[in-house]
Amino acid sequence: MFAFFQDVADHLEGVSSGVARESTGGRMHNHGPEGEAIRLWARANGYLVNDNGRILASIREAYEASL
């Protein structure tokens with residue numbers, strides 16, 4: 001159920017154009033060093049992020065704006 005609401009929230013706020021979607025199902029995945037770097041940055045800047053799964057578009061955009 002959470003995944004459904006996460007999909008809706010991401011759709012409503014828009015998806016960053018820099019996020020690659022996998023060809024299966026169109027779902028976004030944030031694995032690898034970039035996702036981990038965003039999570040570390042987000043936690044250091046007061047954002048709440050899960051250890052795995054999606055990173056909200058708003059957090060990703062804030063990270064990209066900070067670079």
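Local features need pLDDT of at least 70 and side-chain atom pairs count only at pLDDT 80 or more, while totals for chains, interfaces and linings use all residues, and side-chain values use heavy atoms, with hydrogens and water left out.

**Whole chain.** Of the 67 residues, 27% are buried, where buried means under 20% relative accessible area, exposed over 50% and partly exposed in between, with a 1.4 Å probe and protein chains only.

**Confidence.** Colour next by pLDDT, the predictor's confidence in each residue, from 0 to 100. The chain averages 75, and 54% of the residues score at least 70; confidence is lowest in helix H1 (residues 2–13), with a mean of 64, and highest in H3, at 94. Now select residues 16–27, where pLDDT stays under 50 and the model has 16 contacts beyond four places in sequence, a contact being heavy atoms within 4.5 Å. Where pLDDT is low, the predicted coordinates should not be read in detail.

**H2 against H3.** Select helix H2 (residues 32–44) together with helix H3 (residues 57–66), which pack at an angle of about 85 degrees with their axes 10 Å apart. The two helices are therefore roughly perpendicular to each other, a label for angles of 65 to 115 degrees. To see the contact, show Glu34, Ala37, Ile38, Trp41 and Ala42 of H2 with Ile59, Arg60, Ala62, Tyr63 and Ser66 of H3. By class, this contact has seven nonpolar, one polar and two charged residues.

**Ala62.** Centre on Ala62 in helix H3, which counts as partly exposed at 23% relative accessibility. Leaving aside neighbours within four places in sequence, Ala62 is in contact with Trp41 and Tyr47; the C-alpha atoms of Ala62 and Trp41, 21 residues apart along the chain, are separated by 9.8 Å.

**Leu40.** Finish on Leu40, found in helix H2 and exposed, with a relative accessible area of 52%. A C-alpha to C-alpha distance drawn from Leu40 to Asp51 reads 9.8 Å, for residues that are 11 apart in sequence.

Terms used:
Residues numbered from 1 in each chain as written. Axes fitted to C-alpha atoms, helices over the stretch in contact; angles between N-to-C directions. Helix = DSSP H or I, 4+ residues; strand = E, 2+ residues; numbered from the N terminus. Parallel < 35°, antiparallel > 145°, perpendicular 65-115°, else oblique. Nonpolar A, V, L, I, M, F, W, Y, C, P; charged D, E, K, R; others polar.
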